[in-house]
Amino acid sequence: MKVGQQHFRSIWVADGKVRVIDQTRLPHEFTPVALETLDQAATAIRDMWVRGAPLIGATAAYGIAIAMDSDPSDAGLRRAVDLLMATRPTAVNLQWALEGMEVHLAILPPAERFQAAMIRAAAIADDDAAMNEAIGTHGLAIIEAIAARKAGPVNVLTHCNAGWLATVDWGTATAPIYKAHAAGIPLHVWVDETRPRNQGAHLTAWEMASHGIPHTLIVDNAGGHLMQRGEVDMVIVGTDRTTARGDVCNKIGTYLKALAAHDNGVPFYVALPSPTIDWRVQDGLAEIPIEERSGDEVSLVQGKLADGTVARLRISPEATPAANPAFDVTPARLVTGLITERGIAPASAEGLAALFPERAVR
Ligand code: MRU
(Lines give C-alpha, C1' and ligand atoms only; values in the text may rest on other atoms or scores of the structure.)
Protein backbone atom coordinates (compact mmCIF):
# COMPACT_ATOMS: atom_id res chain seq x y z
CA MET A 1 0.00 0.00 0.00
CA LYS A 2 1.13 3.54 -0.59
CA VAL A 3 2.52 5.94 1.98
CA GLY A 4 2.58 9.26 0.17
CA GLN A 5 3.64 8.32 -3.35
CA GLN A 6 5.82 5.37 -2.31
CA HIS A 7 4.65 1.76 -2.16
CA PHE A 8 5.47 0.05 1.13
CA ARG A 9 5.00 -3.38 2.54
CA SER A 10 5.01 -3.73 6.32
CA ILE A 11 8.19 -5.85 6.14
CA TRP A 12 10.84 -5.80 3.40
CA VAL A 13 14.53 -6.34 2.72
CA ALA A 14 16.75 -3.47 1.57
CA ASP A 15 20.57 -3.35 1.46
CA GLY A 16 20.61 -6.86 2.91
CA LYS A 17 18.67 -5.81 6.03
CA VAL A 18 15.18 -6.80 7.13
CA ARG A 19 13.14 -3.68 7.72
CA VAL A 20 9.80 -3.06 9.43
CA ILE A 21 7.77 -0.03 10.43
CA ASP A 22 7.84 0.75 14.16
CA GLN A 23 4.06 0.72 14.62
CA THR A 24 4.26 1.96 18.21
CA ARG A 25 5.07 5.40 16.75
CA LEU A 26 2.12 5.66 14.38
CA PRO A 27 0.11 7.70 13.58
CA HIS A 28 2.45 10.48 14.67
CA GLU A 29 5.69 9.24 13.09
CA PHE A 30 6.37 6.85 10.20
CA THR A 31 9.62 5.20 11.26
CA PRO A 32 11.16 2.25 9.39
CA VAL A 33 13.65 0.28 11.52
CA ALA A 34 16.15 -2.46 10.62
CA LEU A 35 16.02 -5.77 12.50
CA GLU A 36 19.65 -6.88 12.82
CA THR A 37 19.68 -9.55 15.52
CA LEU A 38 17.48 -12.41 16.66
CA ASP A 39 16.87 -10.63 19.96
CA GLN A 40 15.72 -7.53 18.11
CA ALA A 41 13.29 -9.55 16.01
CA ALA A 42 11.87 -11.11 19.20
CA THR A 43 11.57 -7.69 20.85
CA ALA A 44 9.85 -6.27 17.76
CA ILE A 45 7.13 -8.91 18.06
CA ARG A 46 6.83 -8.92 21.87
CA ASP A 47 6.75 -5.13 22.21
CA MET A 48 4.48 -4.77 19.19
CA TRP A 49 6.64 -2.69 16.86
CA VAL A 50 5.04 -5.21 14.52
CA ARG A 51 1.73 -6.85 15.29
CA GLY A 52 -1.23 -8.49 13.56
CA ALA A 53 -1.23 -12.25 13.08
CA PRO A 54 0.12 -12.47 9.50
CA LEU A 55 2.86 -9.90 10.09
CA ILE A 56 3.90 -11.63 13.33
CA GLY A 57 4.32 -14.83 11.27
CA ALA A 58 6.35 -13.12 8.53
CA THR A 59 8.56 -11.31 11.06
CA ALA A 60 9.23 -14.58 12.90
CA ALA A 61 10.26 -16.20 9.61
CA TYR A 62 12.72 -13.38 8.92
CA GLY A 63 13.83 -13.59 12.57
CA ILE A 64 14.92 -17.18 11.93
CA ALA A 65 16.81 -16.04 8.83
CA ILE A 66 18.60 -13.34 10.85
CA ALA A 67 19.51 -15.96 13.46
CA MET A 68 20.88 -18.31 10.78
CA ASP A 69 23.25 -15.59 9.61
CA SER A 70 25.09 -15.63 12.95
CA ASP A 71 24.57 -19.20 14.18
CA PRO A 72 23.22 -21.71 11.64
CA SER A 73 23.96 -24.75 13.85
CA ASP A 74 21.21 -27.12 15.02
CA ALA A 75 21.46 -25.55 18.47
CA GLY A 76 21.20 -22.06 16.92
CA LEU A 77 18.08 -23.05 15.01
CA ARG A 78 16.48 -24.56 18.14
CA ARG A 79 17.29 -21.46 20.21
CA ALA A 80 15.85 -19.12 17.59
CA VAL A 81 12.61 -21.11 17.23
CA ASP A 82 12.16 -21.30 21.02
CA LEU A 83 12.85 -17.60 21.58
CA LEU A 84 10.50 -16.41 18.84
CA MET A 85 7.78 -18.94 19.75
CA ALA A 86 7.60 -17.43 23.25
CA THR A 87 6.99 -13.85 22.07
CA ARG A 88 3.19 -13.86 21.70
CA PRO A 89 0.89 -16.82 22.41
CA THR A 90 -2.38 -16.22 20.56
CA ALA A 91 -1.72 -15.65 16.84
CA VAL A 92 -1.31 -19.11 15.34
CA ASN A 93 0.57 -17.67 12.36
CA LEU A 94 3.62 -17.44 14.62
CA GLN A 95 3.58 -21.17 15.30
CA TRP A 96 2.76 -21.93 11.66
CA ALA A 97 5.68 -19.86 10.32
CA LEU A 98 8.21 -21.15 12.85
CA GLU A 99 7.29 -24.81 12.44
CA GLY A 100 7.48 -24.45 8.66
CA MET A 101 10.88 -22.74 8.84
CA GLU A 102 12.26 -25.37 11.20
CA VAL A 103 11.13 -28.34 9.09
CA HIS A 104 12.52 -26.66 5.97
CA LEU A 105 15.92 -25.76 7.45
CA ALA A 106 16.63 -28.70 9.75
CA ILE A 107 17.38 -31.05 6.84
CA LEU A 108 19.86 -28.65 5.21
CA PRO A 109 23.58 -28.39 6.02
CA PRO A 110 24.16 -25.35 8.30
CA ALA A 111 26.13 -23.52 5.58
CA GLU A 112 23.01 -23.40 3.40
CA ARG A 113 20.53 -22.37 6.07
CA PHE A 114 20.82 -18.58 5.99
CA GLN A 115 20.15 -18.28 2.27
CA ALA A 116 17.38 -20.88 2.33
CA ALA A 117 15.75 -19.10 5.28
CA MET A 118 15.78 -15.72 3.50
CA ILE A 119 14.18 -17.29 0.43
CA ARG A 120 11.50 -19.04 2.47
CA ALA A 121 10.72 -15.94 4.56
CA ALA A 122 10.31 -13.93 1.35
CA ALA A 123 7.94 -16.60 0.02
CA ILE A 124 5.86 -16.42 3.22
CA ALA A 125 5.66 -12.64 2.80
CA ASP A 126 4.74 -12.84 -0.90
CA ASP A 127 2.13 -15.52 -0.24
CA ASP A 128 0.56 -13.43 2.49
CA ALA A 129 0.20 -10.43 0.19
CA ALA A 130 -1.32 -12.63 -2.55
CA MET A 131 -3.76 -14.32 -0.15
CA ASN A 132 -4.93 -10.99 1.20
CA GLU A 133 -5.47 -9.60 -2.26
CA ALA A 134 -7.63 -12.64 -3.05
CA ILE A 135 -9.57 -12.06 0.20
CA GLY A 136 -10.16 -8.55 -1.09
CA THR A 137 -11.66 -9.85 -4.31
CA HIS A 138 -14.03 -12.24 -2.50
CA GLY A 139 -15.00 -9.62 0.07
CA LEU A 140 -15.59 -7.04 -2.65
CA ALA A 141 -18.50 -9.16 -3.92
CA ILE A 142 -20.20 -8.83 -0.51
CA ILE A 143 -19.79 -5.05 -0.49
CA GLU A 144 -21.01 -4.81 -4.09
CA ALA A 145 -24.15 -6.78 -3.19
CA ILE A 146 -24.92 -4.44 -0.27
CA ALA A 147 -24.23 -1.37 -2.42
CA ALA A 148 -26.64 -2.66 -5.08
CA ARG A 149 -29.57 -2.71 -2.67
CA LYS A 150 -29.10 0.58 -0.82
CA ALA A 151 -28.75 4.26 -1.55
CA GLY A 152 -25.72 6.04 -0.10
CA PRO A 153 -22.43 4.67 1.13
CA VAL A 154 -21.96 1.15 2.47
CA ASN A 155 -21.18 1.52 6.17
CA VAL A 156 -18.57 -0.99 7.31
CA LEU A 157 -17.54 -1.33 10.94
CA THR A 158 -14.13 -2.77 11.81
CA HIS A 159 -12.36 -3.49 15.08
CA CYS A 160 -8.64 -3.27 15.89
CA ASN A 161 -6.30 -3.08 12.91
CA ALA A 162 -6.56 -5.90 10.40
CA GLY A 163 -5.18 -3.58 7.74
CA TRP A 164 -2.04 -3.72 5.62
CA LEU A 165 0.02 -2.87 8.70
CA ALA A 166 -1.17 -6.10 10.35
CA THR A 167 -0.25 -8.21 7.33
CA VAL A 168 2.48 -7.97 4.70
CA ASP A 169 0.21 -6.03 2.35
CA TRP A 170 -3.49 -5.31 1.70
CA GLY A 171 -4.71 -6.34 5.15
CA THR A 172 -7.40 -8.94 5.69
CA ALA A 173 -10.46 -7.00 6.86
CA THR A 174 -9.34 -3.96 4.88
CA ALA A 175 -8.59 -5.73 1.58
CA PRO A 176 -12.29 -5.73 0.52
CA ILE A 177 -12.50 -2.09 1.65
CA TYR A 178 -9.50 -1.10 -0.49
CA LYS A 179 -10.90 -3.04 -3.46
CA ALA A 180 -14.35 -1.46 -3.08
CA HIS A 181 -12.84 2.01 -2.81
CA ALA A 182 -10.76 1.40 -5.95
CA ALA A 183 -13.90 0.16 -7.75
CA GLY A 184 -15.64 3.44 -6.98
CA ILE A 185 -18.21 2.01 -4.56
CA PRO A 186 -19.16 4.69 -2.05
CA LEU A 187 -18.30 3.45 1.41
CA HIS A 188 -17.67 4.71 4.89
CA VAL A 189 -15.78 2.90 7.65
CA TRP A 190 -16.62 3.08 11.35
CA VAL A 191 -13.25 2.63 13.06
CA ASP A 192 -13.42 1.22 16.62
CA GLU A 193 -10.69 2.89 18.68
CA THR A 194 -9.84 -0.54 20.20
CA ARG A 195 -8.79 0.02 23.78
CA PRO A 196 -6.46 -0.55 25.42
CA ARG A 197 -3.74 -0.06 22.78
CA ASN A 198 -5.95 1.83 20.35
CA GLN A 199 -4.91 0.01 17.19
CA GLY A 200 -8.07 1.36 15.52
CA ALA A 201 -7.39 4.99 16.45
CA HIS A 202 -3.66 4.79 15.79
CA LEU A 203 -3.39 2.43 12.82
CA THR A 204 -6.69 1.77 11.02
CA ALA A 205 -7.59 5.46 11.10
CA TRP A 206 -4.11 6.27 9.71
CA GLU A 207 -4.54 3.72 6.92
CA MET A 208 -7.99 5.03 6.00
CA ALA A 209 -6.85 8.65 6.08
CA SER A 210 -3.76 7.83 3.98
CA HIS A 211 -5.98 6.26 1.32
CA GLY A 212 -8.67 8.91 1.35
CA ILE A 213 -11.33 6.44 2.48
CA PRO A 214 -14.19 8.14 4.33
CA HIS A 215 -14.07 6.98 7.93
CA THR A 216 -15.11 7.99 11.42
CA LEU A 217 -13.42 7.05 14.67
CA ILE A 218 -15.77 5.78 17.38
CA VAL A 219 -15.31 4.58 20.92
CA ASP A 220 -15.55 0.84 21.30
CA ASN A 221 -18.91 1.12 23.04
CA ALA A 222 -20.63 2.98 20.17
CA GLY A 223 -20.96 0.04 17.77
CA GLY A 224 -24.11 -1.50 19.29
CA HIS A 225 -25.89 1.86 19.29
CA LEU A 226 -25.00 2.50 15.63
CA MET A 227 -26.23 -0.96 14.67
CA GLN A 228 -29.56 -0.38 16.43
CA ARG A 229 -29.98 2.78 14.35
CA GLY A 230 -29.31 1.00 11.06
CA GLU A 231 -26.01 2.81 10.56
CA VAL A 232 -23.86 -0.29 10.07
CA ASP A 233 -24.36 -2.45 6.95
CA MET A 234 -21.70 -5.01 7.78
CA VAL A 235 -18.90 -5.76 10.19
CA ILE A 236 -15.54 -7.10 8.97
CA VAL A 237 -12.78 -8.04 11.38
CA GLY A 238 -9.57 -10.06 11.23
CA THR A 239 -8.55 -12.96 13.46
CA ASP A 240 -5.48 -14.25 15.28
CA ARG A 241 -6.63 -17.85 15.28
CA THR A 242 -9.75 -19.48 13.90
CA THR A 243 -10.50 -23.07 14.88
CA ALA A 244 -11.32 -25.92 12.52
CA ARG A 245 -15.00 -25.51 13.42
CA GLY A 246 -15.00 -21.74 12.85
CA ASP A 247 -14.66 -20.20 16.33
CA VAL A 248 -12.87 -16.87 15.89
CA CYS A 249 -10.28 -15.50 18.29
CA ASN A 250 -9.54 -11.83 17.71
CA LYS A 251 -8.75 -8.59 19.52
CA ILE A 252 -10.57 -8.10 22.82
CA GLY A 253 -14.02 -6.60 22.19
CA THR A 254 -14.68 -8.47 18.95
CA TYR A 255 -17.13 -10.81 20.71
CA LEU A 256 -19.26 -7.87 21.90
CA LYS A 257 -19.45 -6.56 18.33
CA ALA A 258 -20.54 -9.98 17.12
CA LEU A 259 -23.27 -10.14 19.78
CA ALA A 260 -24.55 -6.69 18.84
CA ALA A 261 -24.45 -7.56 15.13
CA HIS A 262 -26.37 -10.79 15.76
CA ASP A 263 -29.05 -8.97 17.77
CA ASN A 264 -29.47 -6.38 15.01
CA GLY A 265 -29.30 -8.66 11.95
CA VAL A 266 -26.05 -7.04 10.77
CA PRO A 267 -23.79 -9.45 8.83
CA PHE A 268 -20.59 -10.19 10.73
CA TYR A 269 -17.69 -11.34 8.52
CA VAL A 270 -14.20 -12.46 9.47
CA ALA A 271 -11.41 -12.14 6.88
CA LEU A 272 -8.48 -14.53 7.18
CA PRO A 273 -5.69 -16.12 5.16
CA SER A 274 -5.57 -19.91 5.68
CA PRO A 275 -2.41 -19.90 7.86
CA THR A 276 -4.63 -18.30 10.54
CA ILE A 277 -6.74 -21.46 10.73
CA ASP A 278 -5.61 -23.77 13.52
CA TRP A 279 -6.71 -27.17 12.24
CA ARG A 280 -5.57 -28.78 15.49
CA VAL A 281 -8.18 -27.09 17.66
CA GLN A 282 -11.98 -27.14 17.61
CA ASP A 283 -13.29 -25.32 20.68
CA GLY A 284 -11.92 -21.78 20.65
CA LEU A 285 -12.98 -20.96 24.21
CA ALA A 286 -11.37 -24.03 25.73
CA GLU A 287 -8.33 -24.44 23.53
CA ILE A 288 -6.92 -21.06 22.44
CA PRO A 289 -4.38 -19.42 24.78
CA ILE A 290 -5.41 -15.81 25.45
CA GLU A 291 -2.52 -13.40 25.85
CA GLU A 292 -2.54 -11.38 29.10
CA ARG A 293 -0.62 -8.16 28.59
CA SER A 294 0.61 -5.59 31.08
CA GLY A 295 -2.04 -3.63 33.00
CA ASP A 296 -0.04 -0.51 32.11
CA GLU A 297 -1.62 -0.68 28.65
CA VAL A 298 -5.00 -0.09 30.36
CA SER A 299 -3.87 2.48 32.93
CA LEU A 300 -1.73 4.56 30.57
CA VAL A 301 -2.85 6.02 27.26
CA GLN A 302 -0.41 7.14 24.57
CA GLY A 303 -1.03 10.30 22.58
CA LYS A 304 0.42 13.52 21.22
CA LEU A 305 0.59 16.59 23.45
CA ALA A 306 -0.15 20.11 22.21
CA ASP A 307 3.61 20.79 21.96
CA GLY A 308 4.00 17.86 19.55
CA THR A 309 5.67 15.40 21.91
CA VAL A 310 4.27 11.88 22.18
CA ALA A 311 3.60 10.91 25.80
CA ARG A 312 1.88 8.29 27.91
CA LEU A 313 -0.67 9.60 30.41
CA ARG A 314 -2.06 7.80 33.46
CA ILE A 315 -5.88 7.72 33.52
CA SER A 316 -6.51 5.77 36.73
CA PRO A 317 -5.30 5.95 40.35
CA GLU A 318 -1.78 4.58 40.87
CA ALA A 319 -3.21 2.10 43.38
CA THR A 320 -5.82 0.63 41.01
CA PRO A 321 -4.78 -2.67 39.43
CA ALA A 322 -5.73 -3.30 35.79
CA ALA A 323 -6.39 -6.57 33.96
CA ASN A 324 -5.58 -6.80 30.27
CA PRO A 325 -6.78 -9.89 28.38
CA ALA A 326 -5.78 -9.06 24.80
CA PHE A 327 -8.11 -11.33 22.81
CA ASP A 328 -11.54 -12.94 23.02
CA VAL A 329 -13.34 -15.75 21.23
CA THR A 330 -16.45 -15.28 19.11
CA PRO A 331 -18.34 -18.57 18.74
CA ALA A 332 -18.87 -19.72 15.16
CA ARG A 333 -22.66 -19.35 15.51
CA LEU A 334 -22.27 -15.54 15.57
CA VAL A 335 -20.16 -15.40 12.39
CA THR A 336 -21.95 -14.86 9.06
CA GLY A 337 -19.00 -16.04 6.96
CA LEU A 338 -15.23 -16.52 6.81
CA ILE A 339 -13.65 -14.68 3.88
CA THR A 340 -10.56 -16.66 2.86
CA GLU A 341 -8.26 -16.59 -0.15
CA ARG A 342 -10.26 -19.46 -1.65
CA GLY A 343 -13.68 -17.91 -1.16
CA ILE A 344 -16.27 -17.40 1.55
CA ALA A 345 -16.98 -20.31 3.89
CA PRO A 346 -19.73 -20.72 6.46
CA ALA A 347 -18.12 -20.66 9.94
CA SER A 348 -18.40 -24.39 10.53
CA ALA A 349 -16.26 -27.52 10.29
CA GLU A 350 -18.07 -28.49 7.09
CA GLY A 351 -17.71 -25.00 5.59
CA LEU A 352 -13.97 -24.83 6.18
CA ALA A 353 -13.42 -28.46 5.12
CA ALA A 354 -15.20 -27.80 1.82
CA LEU A 355 -12.77 -24.97 1.00
CA PHE A 356 -9.65 -26.70 2.36
CA PRO A 357 -10.27 -30.43 1.90
CA GLU A 358 -6.54 -31.22 2.07
CA ARG A 359 -6.24 -29.71 5.60
CA ALA A 360 -9.42 -30.83 7.28
CA VAL A 361 -8.99 -33.67 9.80
CA ARG A 362 -11.63 -36.35 9.26
O1 MRU B 1 -2.57 -7.33 19.43
P2 MRU B 1 -2.54 -7.14 17.94
O3 MRU B 1 -2.51 -5.73 17.50
O4 MRU B 1 -1.45 -7.98 17.30
O5 MRU B 1 -3.92 -7.75 17.47
C6 MRU B 1 -4.24 -7.75 16.10
C7 MRU B 1 -5.59 -8.29 15.82
O8 MRU B 1 -6.33 -8.65 16.71
C9 MRU B 1 -5.97 -8.44 14.38
O10 MRU B 1 -7.35 -8.27 14.22
C11 MRU B 1 -5.57 -9.84 13.90
O12 MRU B 1 -4.24 -10.11 14.19
C13 MRU B 1 -5.81 -10.01 12.45
S14 MRU B 1 -4.64 -9.09 11.50
C15 MRU B 1 -4.97 -9.31 9.87
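The residues lining the second largest pocket divide into 7 nonpolar, 2 polar and 6 charged, where Ala, Val, Leu, Ile, Met, Phe, Trp, Tyr, Cys and Pro count as nonpolar, Asp, Glu, Lys and Arg as charged, and the others, Gly among them, as polar. The structure is a predicted model, in which local features need pLDDT of at least 70 and side-chain atom pairs count only at pLDDT 80 or more, while totals for chains, interfaces and linings use all residues. Residues are numbered from 1 along each chain as its sequence is written, and side-chain values use heavy atoms, with hydrogens and water left out.

A pocket is found on a 1 Å grid over the protein atoms alone, as an open set of points where a 1.4 Å probe fits, with protein on both sides within 12 Å along at least five of seven lines, and its lining residues have an atom within 4 Å of a point. The second largest pocket holds about 300 Å³ of space, a volume being the space filled by probe spheres set on the points, which are joined across faces, edges and corners. Of its 15 lining residues, Trp96, Ser274, Ile277, Trp279 and Arg359 lie nearest the centre. The largest share of this lining, 4 residues, comes from α4; helices (H or I, at least four residues) and strands (E, at least two) are DSSP runs, numbered from the N terminus. At least three lining residues come from each of domain 1 (2–127) and domain 2 (135–359), with bounds taken from an automatic or database domain assignment.

The largest pocket contains about 350 Å³ of space. Among the 18 residues that line the largest pocket, Thr24, Arg197, His202, Gln302 and Arg312 are the closest to its centre, and the elements giving two or more residues to this lining are α7 (199–210) and β14 (300–304). Here, too, each of domain 1 and domain 2 supplies at least three lining residues.

Elsewhere, 3 strands form an open antiparallel sheet in the order β3-β4-β5, two strands being paired if DSSP finds at least two bridges between them. Because β3 (11–14) and β5 (32–35) stand at the edges with a single partner strand each, one side of each is left without a neighbour in the sheet. Strand β4 (residues 17–21) is joined to β5 by 4 bridges, and Val20 stands opposite Val33 in β5. Helix α2 (residues 53–70) packs on the sheet and touches β3, β4 and β5, contact meaning heavy atoms within 4.5 Å.

Technical notes
Axes fitted to C-alpha atoms, helices over the stretch in contact; angles between N-to-C directions.
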